[in-house]
Amino acid sequence: GAPSCPHGPALLFVKTSQGKEEGRRFYACSACRDRKDCNFFQWEDEKVSETRLAAREEYNRNHQPFFTHRQNVDRYKNFVLLPLSKRRFCQECQQLLLPAEWEKHSDHQYLCDITTAQLKSPSQLLYPLENKKTNAQYLFADRSCQFLLNLLINLGFRRVLSVGTPRLHEMIQSKAAQEEEFNVRSLLLDIDFRYSQFYTEDEFCHYNMFNHHFFGGEAAHETCRKFLYEENGERVIMVTDPPFGGLVEALASSFKKLMAMWRETEKEGHDNREMPVFWIFPYFFESRILDFFPSFSMMDYQVDYDNHALYKHGKTGRRQSPVRIFTNLTPSMIVLPEEEGYRFCTVCQRYVSSGNQHCEICNSCTSKDGRRWKHCVLCKKCVKPSWFHCNNCNCCTLQKHSCEKTDAGCFVCGGAGHKRSACPSLSRS
């Protein structure tokens, strides 16, 4: 029953202010956190006139892609038949151009002589969408992409549901086209419709992971459902790399729906199991992810990106990539490369980074960021090496910090002793 914007059904939010009761509820865009990118807004209890509803539907229609997915597939078939000298890609419109369309784009910048190799690597041909509050399209470095693919193959997975991981998808597609014995398949679910220019309806679905919306309707939903059906023992895994600024609650809700689709594929024994998942996200979201998926655990492997200034492997201290793999697979099964410094902890029964030393008191390898953490007897846990115990705050924190205690306490209810994320007044619905 939620109203829709060009990005599909809106999400229901609530206004909160410090120490006050829950405020008024409203609908806003699921995909864009910045009103400049999508200004959809409607109070939950607002009566919307028929005229305004019709205007909204017209607006949503006008903001859909110019070509349909089917039209883009047909255009691609015509494009690959062209000689190299007539293959053009408009950089401004991010579109493959057929000769009849050249004149319309004559004053635009374009690339010529588009090769088959470029068409098989669209993530390198297209500009990455790097708006942190909307797309945040950071792409796996080859090191991480190759590691993930090798890991999936070694674990016995033959189908990969690639949710927001276009570079992994194209690596699988490319290998499948080049190597006859390569038997891994991938289906890309992504909000970036530009990929429909390069993939058929069986290879790509236009999808919003914040509201589980398939823009292609029932046909796209059925494509995904069929892909999740495990024929001939071909095991399926979902690999997802959401924008790091996205709401964990909304993402978890969509992923649970995809996992439910997998359970409903009439396969015996699915009832009591979860679909295998790799959720790639920064380590500081660990507690939020475990809130929704208690069966998940975090691996020490550092995922790095080609086009992100900070998230690079091999840097030291706080400069290391904070991005990790969260999975519901048994941790001991996830073999990390020893040549990169990872080792197996026999007590924890998992691979850990070289700086992650086992704490005898916690009985765990406690480091989250790759550095060696230290145990604080007063806090009864391991903390970052740069933190020290402050008797005023009664916890470990940075040496240079403000000890000022505010009377307000929790942002939501005003109570002391807990943060907003743990407030009992917050609904988990």
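How much space lies in the largest cavity? In this predicted model, the largest cavity holds about 30 Å³ of space. A search of the whole structure finds one cavity of 30 Å³ or more. Its lining is formed by Asp-300, Gln-302, Arg-324, Ser-353, Ser-367, Lys-368, Asp-369 and Gly-370. Sorted by class, the residues lining the largest cavity comprise four polar and four charged residues, with no nonpolar residue.

The overall architecture of the chain was examined next. The chain contains nine helices and 24 strands. Of its 429 residues, 45% are buried. Among contacts in the chain with a separation of 6 or more, 55% are accounted for by residues 24 or more positions apart.

Helix H7 spans residues 217-228. Its twelve residues reach 17 Å from the first C-alpha to the last, which is close to the 16 Å expected at 1.5 Å a residue. Within H7, the buried residues are Ala-220, Thr-223, Cys-224, Phe-227 and Leu-228. These residues lie on the same side of H7 because they cover an arc of only 135° around the axis. Glu-218, Ala-219 and Lys-226, on the other side of H7, are exposed. The cover over the buried residues of H7 includes strands S9 (157-163), S10 (185-190), S11 (204-208), S12 (213-214) and S13 (235-240), together with helix H8 (248-263).

Helix H8, which contributes to this cover, has 16 residues. From its first C-alpha to its last, H8 reaches 22 Å, close to the 22 Å expected at 1.5 Å a residue. Buried residues in H8 are Val-248, Ala-250, Leu-251, Ala-252, Ser-254, Phe-255, Leu-258, Met-259, Met-261 and Trp-262.

Strand S13, also part of the cover of H7, contains Val-236. Val-236 counts as buried because its relative accessibility is 0%, whereas the term applies to any value under 20%. Leaving out residues up to four places away in sequence, Val-236 touches Phe-157, Arg-159, Phe-227, Leu-228, Glu-230, Trp-262, Met-275 and Pro-276. Val-236 and Pro-276 are 40 residues apart along the chain, and their C-alpha atoms are separated by 7.2 Å.

Two loop residues were also considered. Thr-165 is located in the loop between S9 and helix H6 (166-178). With a relative accessible area of 1%, Thr-165 is buried. Apart from its neighbours within four places in sequence, Thr-165 is in contact with Phe-140, Leu-188, Asp-190, Val-239, Thr-240 and Asp-241.

Pro-337 occupies the loop between strand S16 (323-327) and strand S17 (343-345). This proline is likewise buried, with a relative accessible area of 12%. When residues up to four places away in sequence are not counted, Pro-337 touches Phe-147, Tyr-301 and Tyr-342. In sequence, Pro-337 and Tyr-301 are 36 residues apart; in space, 8.8 Å separates them from C-alpha to C-alpha.

Note on methods:
Residues numbered from 1 in each chain as written. Predicted model: local features only at pLDDT ≥ 70, side-chain atom pairs only at ≥ 80, totals over all residues. Heavy atoms only, no water. 1 Å grid on protein atoms, 1.4 Å probe; cavity = no way out; pocket = protein on both sides within 12 Å on 5 of 7 lines; lining within 4 Å. Points joined across faces, edges and corners; volume = space filled by probe spheres on them. Nonpolar A, V, L, I, M, F, W, Y, C, P; charged D, E, K, R; others polar. Helix = DSSP H or I, 4+ residues; strand = E, 2+ residues; numbered from the N terminus. Expected span 1.5 Å × (residues − 1). Buried < 20%, exposed > 50% of the residue type's maximum accessible area, 1.4 Å probe, protein only. Arc of directions from axis to C-beta. Contact = heavy atoms within 4.5 Å.
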